[in-house]
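My notes follow in the order I took them.

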Amino acid sequence: MFGQNLEVQLSSARTEDTIVVWKSFHDSITLIVLSSEEGTSELRLERLLQMVFGAMVLLVGLEELTNICNVERLKKELRASYRLIDSFLGDSELIGDLTQCVDCVVPPEGSLLQEALSGFAEAAGTAFVSLVVSGRVVTATESWWRLGMPEAVLLPWLVGSLPPQAARDYPVYLPHGSPTVPHRLLTLTLLPDLELCLLCGPRPPLSQLDAQLLERWWQPLLDLLRTCLPLGPRALPAGFPLHTDILGLLLLHLELKRCLFTVEPSRDKEPSPEHRRRLLRSFYTLVTATHFPPEPGQPEKVEAAAHRAQVPRACYLVSGAEEPGTGWRLVALQLGPRLLLLLLSAQSPTYGLRGLATHTLHALTPLL
C-alpha cells in the first residue's frame with residue numbers, strides 16, 4: 001500500500017524461507033498468499049490467486065465483489081467458496097489450477113459416450129453437458145468445451161470438491177462468460193464419483209431430469225460407465241502401453257486448454273504418488289516460467305518475436321542426484337500445440353530421454 005501511494009506496483013516479496021504474492025482484482029479485492037513450501041514459485045502463487053478469485057466470482061458473483069455495500073454480509077456469502085478454495089490449497093490429484101487447462105481422462109469407447117451425451121443433452125434441453133469422474137472431464141458437448149477460462153477448470157473442480165449427492169441444483173456465475181448473471185449447475189450421479197453436469201438457465205427444472213430419462217440414455221452403457229471409474233487417478237485407458245521407466249506424465253494441449261495428468265504408472269516403485277505430483281508440478285512451473293512460451297507460437301512480448309528461433313523444444317532435469325546414476329529424471333518436450341512432461345525412474349539413461357519422450361508423445365497424440 002505504501003508503494004501504491006507512490007505509484008509503484010509491488011507484486012511479491014521474499015523472506016529467507018517464505019514468498020509473499022498479492023494481487024488486486026477490479027480495484028476492489030486484494031488477495032495475499034504466503035508460502036514457505038520448498039521450491040514454490042511466483043508463477044504458481046499468481047495462478048493460485050487467479051483461481052481463488054475465480055472461485056469467489058463463481059459462487060458469489062462479480063457484482064457483490066466490486067460494489068461492496070456490506071462487508072459482513074459479503075464475508076458470510078464467501079463461506080460458500082471456502083471448500084473449493086481449500087481444495088486448491090491441499091495436495092490435489094488435479095493440476096488444472098496450475099496449468100489453466102481442464103483435467104481430462106480418456107475413456108474406452110469414447111464415441112459411444114459422446115453419442116449418448118449429445119442425445120441426453122438434446123432431451124434435457126441444454127447444450128452445456130459434461131460427464132465428470134472425480135473432478136475430471138470424461139466427455140462433454142461442444143458447447144461445454146467452448147466455455148472460457150477459468151470456469152472450464154472451476155466447474156468440474158467444484159463438482160469434485162462437493163460432498164456426494166444424488167442430484168444438485170447449484171447457482172453459479174461464470175467468471176469469464178457471465179460474471180453478473182447466475183446460471184444453474186445441475187448434477188446427477190450415475191455411479192459413485194461419476195456425475196453428469198448440466199449448465200442451464202431457468203429451465204429445465206431438476207424434477208424434469210427424472211430416472212426414466214437417465215435410464216433411457218445411460219442404462220444401456222452401464223458397463224462402459226463402470227470402466228470410467230478407475231480413470232479418475234489413471235487418466236489413460238487400461239492397458240495403454242507406457243514405457244516401464246515412466247512414473248508420471250502430464251500432457252497439455254495448449255490450444256484446446258485440456259490436459260492429462262497421472263502418477264499411477266509403476267505404483268510399486270518410489271517415490272510416492274504425492275511426491276510424484278509435487279515433482280511434476282514444480283517441473284511444470286520451471287519449464288513454463290523459464291523455457292517455453294505460455295502459448296504455442298505466441299511470445300509474451302513483441303520484442304521476443306526475434307528470439308522465436310531460440311525457443312527450446314526439449315529440456316531435462318535430474319532431481320536430487322547426489323552421485324551419477326541416481327535421481328529422478330524429468331523431461332519436457334514441446335511439439336506444436338502439445339507439451340509433454342515425464343517423470344522417469346533413476347534407471348532411465350539421460351541420453352535416451354528425448355527419444356523416449358518423443359515416442360511417448362506420438363503414442364499419446366491421438367488421445368488429446
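This is a predicted model: local features need pLDDT of at least 70, side-chain atom pairs count only at pLDDT 80 or more; totals for chains, interfaces and linings use all residues.

**Cis peptide bonds.** I noted another cis bond between Arg 203 and Pro 204, where omega is about 0°. Pro 204 is in the loop between β9 and α10 (211–218).

**Positive phi.** Next I checked backbone angles. Asp 27 has phi near 50°, which is positive although the residue is not glycine. I found Asp 27 in the loop between β2 and β3 (29–35), and it is exposed at 80% relative accessible area. Asp 193 is another non-glycine residue with positive phi, near 70°. Asp 193 sits in the loop between β8 (178–191) and β9, and with 53% relative accessible area it is exposed.

**Salt bridges.** How many salt bridges are there? I get 12.

- Asp 97 bridges to Arg 44, with the closest N and O atoms 3.6 Å apart. Asp 97 belongs to helix α6 (residues 96–99) and Arg 44 to helix α2 (residues 42–60), so this pair ties together parts 53 residues apart in sequence. Asp 97 is buried at 2% relative accessibility, and Arg 44 is buried too, at 18%.
- Asp 91 bridges to Arg 277, the closest N and O atoms being 4.0 Å apart. Asp 91 is in the loop between α5 (82–89) and α6, while Arg 277 is in helix α13 (residues 273–290), so the parts tied together are 186 residues apart in sequence. Asp 91 is partly exposed, at 43% relative accessible area, whereas Arg 277 is buried, at 7%.
- Arg 168 bridges to Glu 195, with 2.8 Å between the closest N and O atoms. Arg 168 is in strand β7 (residues 167–174) and Glu 195 in strand β9 (residues 194–200), so the pair ties together parts 27 residues apart in sequence. Arg 168 and Glu 195 are both buried.

I also saw that shared partners join Arg 44, Asp 97 and Arg 281 into one network of salt bridges.

**Aromatic rings.** I counted three aromatic pairs. Phe 25 and Phe 53 have ring centres 4.3 Å apart and planes at 10°, so I call this pair stacked. The pair links distant parts of the chain, as Phe 25 is in strand β2 (residues 19–25) and Phe 53 is in helix α2, 28 residues apart.

I then looked for charges over rings. Lys 23 lies over the face of Phe 25, at 5.7 Å from the ring centre. Arg 258 has its charged end over the ring of Trp 145, 3.6 Å from the centre.

**Helix α5.** Which residues of α5 are buried? I listed Leu 84, Ile 85, Ser 87 and Phe 88. Looking down the axis of α5, I see its buried residues within an arc of 155°, so they line one face of the helix. A reminder to myself: an α-helix has 3.6 residues a turn, so residues three or four places apart point the same way. The buried residues of α5 pack against α2, α6 and α9 (151–161).

**Cysteines.** I found zero disulfides. For Cys 101 the nearest cysteine sulfur is that of Cys 259, 5.5 Å away, and Cys 101 is in no disulfide. Cys 101 is buried, with a relative accessible area of 0%.

**Leu 112.** Last entry. Leu 112 is in helix α7 (residues 110–124) and is partly exposed, at 36% relative accessible area. Setting aside neighbours within four places in sequence, Leu 112 is in contact with Leu 221 and Leu 224. I also looked up Pro 230: its C-alpha is 18 Å from that of Leu 112, and the two are 118 residues apart along the chain.

How values were computed
Residues are numbered from 1 along each chain as its sequence is written. Side-chain values use heavy atoms; hydrogens and water are left out. A salt bridge is a side-chain nitrogen of Lys or Arg within 4 Å of a carboxyl oxygen of Asp or Glu. Helices (H or I, at least four residues) and strands (E, at least two) are DSSP runs, numbered from the N terminus. Buried means under 20% relative accessible area, exposed over 50%, partly exposed in between (1.4 Å probe, protein chains only). Rings of Phe, Tyr and Trp (its six-membered ring) pair if their centres lie within 6.5 Å; planes under 30 degrees apart count as stacked, over 60 as edge-to-face and the rest as tilted. A charge sits over a ring if NZ of Lys or CZ of Arg is within 6 Å of the ring centre and within 35 degrees of the ring normal. The arc is that of the directions from the helix axis to the C-beta atoms. Contact means heavy atoms within 4.5 Å. A disulfide is a pair of cysteine sulfur atoms within 2.5 Å.
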